[in-house]
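Please look over the sequence and the structure shown here before reading on. The report then goes through some of the packing, one part at a time.

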Amino acid sequence: RRVLFRSGVFAVPIIIFLPIFLLFFGIGPSSKIAFGATYAFFPIVLNTIGGISQVDPRYVRVAHAMGADDWKMFRRVLLPAALPVIVTGLRIGCIIGFLSIIGSEMIAGLEGLGSQIVRLGEGMNIAEMFAYIAFVIIFAIALNLALTSLERRFAIPGSAR
């Protein structure tokens, strides 16, 4: 049952909640940023939980045996062991957050890259519109490359990455 519930929840597109963000934060940039942060939150948190839950229990037992308190356990055992998975979640979350901000600006924005693309398209200024689209694509690729290099830096030696 839990698997069905989780699959059902993930099947709901988060974009349907954009009107609620507009209601609480207004039509300005704060609603788009809050929407993007919410969209990015779930991959980051789910990867963090998954990374920490995959830490080898032997490491935790050894740290307890050596007298580690909760803070030292987190800082010296759990965080370093889970960091590759956490950074992967950050990469995915940042990309999804950026793209959701652009998308929400296109739907309900007065300013920003997304609304500028829509405005240029409606005004039939196709060349400038594609220039903005190219900029968004280049920025997304650069963000992905930067976060991928960070992800590789924290990867477990000898892993598939």
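## About the model

This is a predicted model, in which local features need pLDDT of at least 70 and side-chain atom pairs count only at pLDDT 80 or more, while totals for chains, interfaces and linings use all residues. Residues are numbered from 1 along each chain as its sequence is written, and side-chain values use heavy atoms, with hydrogens and water left out.

## Helix 2 and helix 3

Helices here are DSSP runs (H or I, at least four residues), numbered from the N terminus. Helix 2, residues 18-25, packs against helix 3, residues 29-53, at an angle of about 135 degrees, with the axes 9 Å apart; axes are lines fitted to C-alpha atoms over the stretch in contact, and angles run from 0 to 180 degrees between N-to-C directions. The two helices are therefore oblique to each other, a word for angles left over once those under 35 degrees (roughly parallel), over 145 (roughly antiparallel) and 65 to 115 (roughly perpendicular) are set aside.

Contact means heavy atoms within 4.5 Å, and in this sense Leu18, Phe21, Leu22 and Phe25 of helix 2 meet Ser30, Ser31, Lys32, Ala34, Phe35 and Thr38 of helix 3. By class, the residues of this contact divide into six nonpolar, three polar and one charged, where Ala, Val, Leu, Ile, Met, Phe, Trp, Tyr, Cys and Pro count as nonpolar, Asp, Glu, Lys and Arg as charged, and the others, Gly among them, as polar.

## Helix 5 and helix 6

Helix 5 and helix 6 pack at an angle of about 45 degrees, with their axes 6 Å apart. That makes helix 5 oblique to helix 6. In this contact, Ile102, Glu105 and Met106 of helix 5 meet Leu113, Gly114, Ser115, Ile117 and Val118 of helix 6, which together comprise five nonpolar, two polar and one charged residues.

Buried means under 20% relative accessible area, exposed over 50% and partly exposed in between, with a 1.4 Å probe and protein chains only. In helix 6, residues 113-122, the buried residues are Gly114, Ser115, Ile117 and Leu120, and their cover includes helix 5 (70-108) and helix 7 (126-153).

Thr88 lies in helix 5 and counts as buried at 16% relative accessibility. Not counting residues up to four places away in sequence, Thr88 touches Asn47 and Glu151.

Ser104 is also placed in helix 5, and its relative accessibility of 0% makes it count as buried. With neighbours within four places in sequence left aside, Ser104 is in contact with Leu18, Lys32, Phe35 and Gly109.

## Nonpolar cores

A nonpolar core is a set of buried Ala, Val, Leu, Ile, Met, Phe, Trp, Tyr and Cys residues joined through side-chain atoms within 4.5 Å. The largest one has eight residues, namely Val55, Ala63, Ala68, Met73, Val77, Leu78, Ala82 and Ile86. Helix 5 gives the most to this core, with five residues. Apart from it lies another core, of seven residues, among them Ile102, Ile117, Met129 and Ala140.

## Met124 in a loop

Where is Met124 found? Met124 is in the loop between helix 6 and helix 7, and at 64% relative accessibility it counts as exposed. Most residues other than glycine have a negative phi, whereas the phi of Met124 is positive, near 60 degrees.
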